[in-house]
Amino acid sequence: MGNLEAKPPDLYRKLVLLTGIRLLVGTALLVATALLSLGGEPFPRGIESWLYAIIGGLYVASLISVFLLRQRRFLRGLAHAHIAADVLAATGLVYLTGGAESVFTILYPLAIVNGAIGLGRRGAVLGAAAASLGFVALVIGQEHGVLLPAASYLERSPLPPGRLALTLLLNLSAFLLAGALAAFLAEQLRGARSELAERETQLEALEATFSAIVRSISSGIITTDEHGQITYLNPAGEEIAGMSGGAARGKPLQGAMPALADALNRSSWSGRQRNEALLRGADGRERIVGWAASRLAAGSAHGHVIVFQDLTDFRRMEEAMRRADRLAVVGGLAAGLAHEIRNPLAAMCGSIEMLSLSPSLGEQEKRLMGVVRGEGERLEALVKDFLAFARPASPQLQTVDAAHLVEETADVFRLQAISRDLELSVEVERGVWVSADPNQLKQVLWNLLGNAADASETGGRVSVRLRRQGAQALLDVEDCGQGIDAEDLPRIFDPFFTTKLKGTGLGLAIVHRVVEAHGGRIAVRSEPGRGSTFSVALPLTRAPAAAQAAAAG
């Protein structure tokens, strides 16, 4: 029978509703009785007393029901008591208004319906049975003189047996029909509620699954309403955009992520369409993102959904692979050229050196010999750079005090800076240790300082800074020269690419290769007319035990 009865939480709500209806009915009866009594047509004293007794009984039953409902106790017993109270109240009103011929027999089906509301099919059966027994007992008692009429004007002759049987049959048929219909509707309602609860459970499970997928997916997902305001940003999107979903929600996409705002302006929406943009996050970091957008319809609301991915590392790897391919070609070329050029070049330079010592040479011949010797030396340096680039030595890693190395290299370079009338500024953070080849790291810093000096004008300034940044050591070399054009920045580390009149184009390529061999990265920031900053990031390492002991002492 458990599947036929209402669950306690559901039963509680139903009993609260029925108690409220019962109070309203009792109040309506009280008002009607009072109005009829004050309107000049008072009820006979016996009937009026019975009416007030029934009304009072309804109030008392409702108060007891309210008390038990507040404690949420005896709910099923209370539901059965409701059926009994409704049937007794209906029987009392029928008794006071003529018995078998009373128009208030309509109250019995209402009691049956109330029973069905409270206890479902079981309540409908109990209500129909109680109503039938109550009505039959009342009518038979009155017709056989067991129950006297409530007032003298209700006295009448007993009904003929045939009419009495017909009255009982019609009313009992109505009660049973009302019970069957109420039971059917209660069962249908129970099934509908059960199906609704199952659908809600499935919907909650589906929503939880969808939420888990959206939250765990590695791509960023952002949704906007029809006005372009952000309505949702998943965790991956928060990481890429550098802002929380709560902070982004409600903001216009144009203001929060201008790089993705183009998605709202496309006339053609296709999930297969791929676009790329440079996204500057709220945390200041720049990322290359690929995005696809489509329209989003949720009921009557419309908007857009944008799926985007961080392609920065992928594009960096792609660029590194292209550079590696170019370097491999250059390496093969350099290895061959070095053997073919270096020996003849050494012979030529030696011969020129010998010829320049001849006392018979005039000033013009000596000047020309000097030009040839200078160009030979430059060609020798180019071949040397070729070899250094094509066949880089593997770094001999050791724990290096980066602050000491930077200061030492800067002190050596300071003489060149003074000769060029440049100011050299050095700022280092102590206790920055890296795992590196000190000679190669000095070469990196020397090349960067030389490039910064070449880019700076007389009286300019070159700055060197070393500091910690997370788990990395960050070395910045900044100049105040003319800067690098935006179209030249992607090629700045390519071999043989240079903006200098006499540059070989291999210095920065060698720096890039050495930094990558140390597991680091190098980047450049530059604005025309405002100088350039080269940043080298290397992984930090722990200081040697001796250095730790010295620092602690």
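Does Arg280 count as buried or exposed, and at what relative accessibility? In this predicted model, Arg280 counts as exposed, because its relative accessibility is 52% and the term applies to values over 50%. The residue is found in strand 3, which covers residues 275-280. Leaving aside residues up to four places away in sequence, Arg280 touches Arg285 and Glu286.

Of the 553 residues in the protein, 37% are buried. Contacts between residues at least 6 apart in sequence can also be sorted by separation, and 64% of them join residues at least 24 apart.

On the side of helix 3, the contact is made by His80, Ile83, Val87, Thr91, Val94 and Tyr95. Helix 5 contributes Arg122, Gly123, Leu126, Gly127, Ala130, Ala131, Gly134, Leu138 and Gln142. Sorted by class, the contact of helix 3 with helix 5 has eight nonpolar, six polar and one charged residues.

Helix 5, which spans residues 121-143, also holds Ser132. Is Ser132 buried or exposed? Ser132 is buried, since its relative accessible area is 12% and the term covers values under 20%. The side chain of Ser132 reaches the backbone oxygen of Ala128 at a distance of 2.8 Å. When residues up to four places away in sequence are not counted, Ser132 touches Leu172, Phe175 and Leu176.

Helix 4 covers residues 107-119 and helix 6 covers residues 161-216; their axes come within 9 Å and cross at roughly 25°. Helix 4 and helix 6 are therefore roughly parallel to each other. The crossing of helix 4 and helix 6 is right-handed. By class, the contact of helix 4 with helix 6 has eight nonpolar, one polar and no charged residues.

The remaining pair consists of helix 13 (residues 438-455) and helix 14 (residues 507-517), which pack at an angle of about 145° with their axes 10 Å apart. Here the crossing is left-handed. Gln440, Gln443, Val444, Asn447, Leu448 and Asn451 are the residues of helix 13 in this contact. They meet Gly507, Leu508, Ile510, Val511, Val514 and Val515 of helix 14. The contact of helix 13 with helix 14 has seven nonpolar, five polar and no charged residues.

Some individual positions complete the tour. Gly56 has its place in helix 2 (residues 45-71) and is partly exposed, with a relative accessible area of 29%. Gly56 and Thr27 are 29 residues apart along the chain, and their C-alpha atoms are separated by 9.9 Å. Val372 lies in helix 11, which runs over residues 363-390. With a relative accessible area of 42%, Val372 is partly exposed. The C-alpha atoms of Val372 and Glu353 are separated by 9.7 Å, and these residues are 19 apart along the chain.

The final position concerns the backbone. Most residues other than glycine have a negative phi. Asp421, although it is not a glycine, has a positive phi of about 60°. Where does Asp421 lie? Asp421 lies in the loop between helix 12 (402-419) and strand 7 (423-428). Its relative accessible area is 47%, so Asp421 is partly exposed.

Methods: Residues numbered from 1 in each chain as written. Predicted model: local features only at pLDDT ≥ 70, side-chain atom pairs only at ≥ 80, totals over all residues. Heavy atoms only, no water. Helix = DSSP H or I, 4+ residues; strand = E, 2+ residues; numbered from the N terminus. Buried < 20%, exposed > 50% of the residue type's maximum accessible area, 1.4 Å probe, protein only. Polar contact = N/O pair within 3.5 Å; in protein donor to acceptor, adjacent residues only side chain to side chain. Contact = heavy atoms within 4.5 Å. Nonpolar A, V, L, I, M, F, W, Y, C, P; charged D, E, K, R; others polar. Axes fitted to C-alpha atoms, helices over the stretch in contact; angles between N-to-C directions. Parallel < 35°, antiparallel > 145°, perpendicular 65-115°, else oblique. Left-handed = near helix turned anticlockwise from the far one by under 90°.
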